[in-house]
Amino acid sequence: MKMTKVVPFAMSALLIGGAVVAPTVSANGGEAVVTNAQNDEAQKPQVQPIFMQVAGTVDNVEVRDNATYYTVKEGENINVFVVNEDTLVFDNTGKEVKLQKGDKVTAYTYANKPMIMIYPPQYNPEVLIVETEEMGSATVDFFNKDLVNVDNTLKLNVGKETELQSLSGKDVTVEDLAEQHLLVFYAITTMSIPAQTPPSKVVVLDTIVEEPGEVDPSQTAVEEIIKNDFYEVEGATMVPLRLIAEELGYKVESTGKGAIVSKGALSYTITRGQKEYGYNKALRHFEVAPALLEPTKTYVPVEFVEELMK
């Protein structure tokens, strides 16, 4: 069994502050005057996006339990998209498609959505857009009462030809698009600020859970445990079972060869050295078997934490 202890990966924070405008030098060698317009532009507050984008090319596809894990690469960056039946997958023209190896894809997920701090990063995107050679663009954002997005870069001019849908299946009118999270497909835009477009298709994301608020303290504690106590075994990130399960409110009983992890009607039976584990009366599988990597501490693949947090 290949095992290495690695340095925890940390995510750097983006600090947003006031911008400093340095004086420029004119062609005749004198110092140029910084105009009020330049100062105003520099002092404009930066707008925090509601959705963040992660792009790349699908390099590997792996089906586990009730989700499909897509490993996506862009240059040296590697990310994993966890896709289930609720994830929206379209191409850039608005057609529903199935994500495949080799596809160029952009994922949209809430910017402040809680994440397990592991490498490579794992995202549970709300929307995936597959890029094709056909003309068309797509975006996911919040649009205000004037149908302008958050950073004032796109305004929707909805016409009779625009196809309007909602995830809930209810009928949608133009008035229903205001102050909503929208998935927008379009082909052309004007050169104005904001750019204006007659969208070909707009989907109201009315069944997607609103953007998360404060992070659950247990989530933060689990992230801290993972950051400070994990191993890499055969390509899998292994984390301490008891510490994490008890932090999430589970009871952990040792069996001598593993543990029974339970909470309410849920029960998991885990045996060291075996990839199969019991889930109530069913059997499920780990990619890498649980192991005693430190005295008295059983480690399991980090994906099991996602199972415990559902």
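Two strands pair if DSSP finds at least two bridges between them. Helices (H or I, at least four residues) and strands (E, at least two) are DSSP runs, numbered from the N terminus. The model shown in these views is predicted: local features need pLDDT of at least 70, side-chain atom pairs count only at pLDDT 80 or more, and totals for chains, interfaces and linings use all residues. Residues are numbered from 1 along each chain as its sequence is written, and side-chain values use heavy atoms, with hydrogens and water left out.

**View 1. Strand β14 pairs with β11 in an open sheet.** The bridge partner of Q165 in β14 is V203. Strands β11 and β14 (residues 201-204) run parallel and are joined by 4 bridges. The open sheet has 4 strands in the order β9-β12-β14-β11, with mixed pairing. Its edge strands, β9 (137-143) and β11 (163-166), each pair on one side only. On average, neighbouring strands of this sheet are turned by 20 degrees against each other, direction ignored; the axes are lines fitted to C-alpha atoms.

**View 2. V239 belongs to the largest nonpolar core.** A nonpolar core is a set of buried Ala, Val, Leu, Ile, Met, Phe, Trp, Tyr and Cys residues joined through side-chain atoms within 4.5 Å. Buried means under 20% relative accessible area (1.4 Å probe, protein chains only), exposed over 50%, and partly exposed in between. The largest core has 24 residues, of which V239, I244, V261, Y268, I270, F304 and L308 touch the most other members. At least two residues of this core come from each of α2 (217-228), α3 (241-247), β18 (258-263), β19 (266-271), β20 (276-279) and α4 (303-309). A second, separate core of 14 residues includes F90, V140, F185 and V203.

**View 3. T237 lies in strand β16 (residues 236-240).** T237 counts as buried because its relative accessibility is 7%. Its side chain makes a polar contact with the side chain of E232 (2.8 Å); such a contact is a pair of N or O atoms within 3.5 Å, one able to donate a hydrogen and the other to accept it. Not counting residues up to four places away in sequence, T237 touches Y119, F230, Y231, E232, V300, P301 and V302, where contact means heavy atoms within 4.5 Å.

**View 4. Confidence along the chain.** pLDDT is the predictor's confidence in each residue, from 0 to 100. The chain has a mean pLDDT of 82, and 80% of its residues reach 70 or more. Over residues 1-35 the pLDDT is below 50. Where pLDDT is low, the predicted coordinates should not be read in detail.

Key
Axes are lines fitted to C-alpha atoms, for helices over the stretch in contact, and angles run from 0 to 180 degrees between N-to-C directions.
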